[in-house]
Amino acid sequence: MTEWLKGNAARPIRFAGVGGVATLVHMGMAALLLWIFPTLPAAFVNLLAFMVAFLVSFYGHRHLTFYTRGRMHRFLIVALCGFALNNVILYAALASSMPKLIAIIIATACVPVVTYLASALWAFREK
């Protein structure tokens, strides 16, 4: 048990770091696409940016967070569910007349915990 804790104690920090980089890639890619193609629909731009950020996230978690091959299709399911959960929390918070920024912060803060657990226990679980 002690060996496991030593090897995995920093894992949530590494997960947050990779997630932070993937988030920056998502935002940067969206900004770049909108700068180059200003008439593209926002939802399409967001989808393209999500796809690039997903690859950064998957390979970052594979090589830096979990040190295991993982299963891309499982991690895609985790990422899509995280995205959906983020939106459910966001819309619920907005429906309660919460200020937009507070609603976004709450939704964004809740999802990484669930995503981390799903990634560790399922998507990147070693056999």
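How much space lies in the largest pocket? About 950 Å³. A pocket here is an open set of points on a 1 Å grid over the protein atoms alone, where a 1.4 Å probe fits, with protein on both sides within 12 Å along at least five of seven lines. The volume is the space filled by probe spheres set on those points.

Some ground rules. This is a predicted model, in which local features need pLDDT of at least 70 and side-chain atom pairs count only at pLDDT 80 or more, while totals for chains, interfaces and linings use all residues. Residues are numbered from 1 along each chain as its sequence is written, and side-chain values use heavy atoms, with hydrogens and water left out.

The protein has five helices and zero strands; helices are DSSP runs of H or I, at least four residues, and strands are runs of E, at least two.

Back to the pocket. Its lining has 28 residues, each with an atom within 4 Å of a point. Thr 23, His 26, Phe 83, Asn 86 and Thr 108 lie nearest the centre. Helix α2 gives the most to this lining, nine residues. The lining divides into 16 nonpolar, 12 polar and no charged residues. Nonpolar means Ala, Val, Leu, Ile, Met, Phe, Trp, Tyr, Cys and Pro; charged means Asp, Glu, Lys and Arg; the others, Gly among them, are polar.

The axes of α4, residues 72-95, and α5, residues 100-123, come within 8 Å and cross at roughly 155°. That makes α4 roughly antiparallel to α5 (over 145 degrees). Their contact holds 18 nonpolar, five polar and two charged residues.

Terms used: Axes are lines fitted to C-alpha atoms, for helices over the stretch in contact, and angles run from 0 to 180 degrees between N-to-C directions. Angles under 35 degrees count as roughly parallel, over 145 as roughly antiparallel, 65 to 115 as roughly perpendicular and the rest as oblique.
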